[in-house]
Amino acid sequence: MTVLRLRDFEIHQRYFAPEAQARLVDTLRDVLSKAPLVQPVTPRGTPMSVRMSAAGMYGWVSDRKGYRYELVHPSGVPWPPIPDSLIEMWRDVVPDARAPECCLINWYDETAKMGMHQDRDEADLTQPVVSVSLGDEGLFRMGNLTRGGKTESIWLRSGDVVVMAGDARRAFHGIDHIRPNSSTLLPKGGRINLTLRVVT
Ligand code: MD3
Ligand code: FE
């Protein structure tokens with residue numbers, strides 16, 4: 001495993017070995033059977049290209065009413081618990097952080113992307129966010145504390161873990177596109193990104 005530092009982003013390349021990735025995908029299938037992926041719409045009603053679900057005490061949702069954290073899936077059922085292997089990974093990479101309260105699940109098909117944005121719906125922005133990439137590679141773009149300016153891009157590969165702490169926690173970021181057929185982890189292809197967050 002290689003740890004790269006780009007500004008305040010810390011990238012643990014191939015943190016999860018292929019067998020651990022496969023076990024994680026099996027666990028996620030279970031989570032998604034209870035809390036299925038949905039295609040969110042922005043408050044203006046535009047469908048996002050990414051499908052989403054969540055695990056943990058809170059899930060992040062977006063619909064005509066706005067962006068927010070909710071205690072239940074849109075179907076009304078509570079979000080399933082965050083898988084143990086993810087809690088263990090969180091303790092390993094951010095030992096001083098509070099326990100994660102949300103594991104957001106983003107699924108990208110070969111055409112999906114995520115525009116540049118900041119994550120600021122959480123109450124305590126001093127707490128880190130940790131992401132796990134699974135399946136096809138995604139081109140991650142890191143920006144600045146305000147919109148615009150120079151950016152840096154890096155391909156996130158299956159098994160990579162990214163820690164956003166310090167200034168990186170409030171930086172603009174996005175996924176430009178994914179590289180189809182770059183991984184055999186997911187039988188139907190695509191990319192899954194998990195982000196662990198402290199919400200309250
Ligand atoms: C930097 N997800 O869910 S992961 C998101 O690959 C999100 O699905 C992307 O941006 C994805 O909000 C990027 C890396 C990431 C996640 C959360 C961050 C970078 C971040 C929060 C703050 C700053
Ligand atoms: Fe984000």
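Let's start with arginine 191, which is found in strand β13; helices (H or I, at least four residues) and strands (E, at least two) are DSSP runs, numbered from the N terminus. This is a predicted model, where local features need pLDDT of at least 70 and side-chain atom pairs count only at pLDDT 80 or more, while totals for chains, interfaces and linings use all residues. Residues are numbered from 1 along each chain as its sequence is written, chains are lettered from A and ligands numbered from 1 in the order in which they are written, and side-chain values use heavy atoms, with hydrogens and water left out.

Back to arginine 191. At 1% relative accessibility, arginine 191 counts as buried. Buried means under 20% relative accessible area, exposed means over 50%, and partly exposed is in between (1.4 Å probe, protein chains only). Arginine 191 also has a polar side-chain atom 2.9 Å from an oxygen atom of ligand 1. And where does threonine 46 sit relative to arginine 191, in sequence and in space? The two are 145 residues apart in sequence and 22 Å apart in space, going from C-alpha to C-alpha.

**Around the ligand**

How many residues surround ligand 1? There are 20, and the closest are Asn106, Tyr108, Asp119, His173 and Arg191. A residue is near a molecule or strand if one of its heavy atoms lies within 4 Å of it. By type, the shell splits into 10 nonpolar, 6 polar and 4 charged residues. Here Ala, Val, Leu, Ile, Met, Phe, Trp, Tyr, Cys and Pro count as nonpolar, Asp, Glu, Lys and Arg as charged, and the others, Gly among them, as polar.

Which strands build this shell? At least two residues each come from β6 (102-108), β7 (114-117), β8 (129-135), β12 (173-179) and β13 (191-197). β13 gives the largest share, with 4 residues.

The space that ligand 1 takes up is the largest pocket. On a 1 Å grid over the protein atoms alone, a pocket is an open set of points with protein on both sides within 12 Å along at least five of seven lines, whereas a cavity is a set of points where a 1.4 Å probe fits but cannot get out; lining residues have an atom within 4 Å of a point. A molecule sits in either one if more than half of its atoms lie within 2 Å of its grid points.

**Contacts inside the protein**

Strand β13 also holds arginine 197, which is buried at 6% relative accessibility. Serine 62 belongs to strand β4 (residues 59-63) and is buried too, with a relative accessible area of 7%. Their contacts are listed below. A polar contact is a pair of N or O atoms within 3.5 Å; within protein, one must be able to donate a hydrogen and the other to accept it, and residues adjacent in sequence count only if both atoms are side-chain atoms.

| Side chain | Partner | Distance |
|---|---|---|
| Arginine 197 | Aspartate 119 side chain | 2.8 Å |
| Arginine 197 | Threonine 195 side chain | 2.8 Å |

**Out in the loops**

Most residues other than glycine have a negative phi. Arginine 14, though not a glycine, has a positive phi of about 55°. Arginine 14 is in the loop between β2 (9-13) and α1 (18-34), and is partly exposed at 39% relative accessible area. Asparagine 181 is another non-glycine with a positive phi, of about 60°. Its loop runs between β12 and β13, and asparagine 181 is exposed, with a relative accessible area of 72%.

Serine 183 is also in the loop between β12 and β13. Is serine 183 buried or exposed? At 19% relative accessibility, serine 183 counts as buried. Serine 183 and aspartate 136 are 47 residues apart in sequence, with their C-alpha atoms 4.9 Å apart in space.

Finally, arginine 98 lies in the loop between α2 (84-93) and β6. Arginine 98 is partly exposed, with a relative accessible area of 34%. Between arginine 98 and valine 198 there are 100 residues of sequence separation and 6.9 Å in space, C-alpha to C-alpha.
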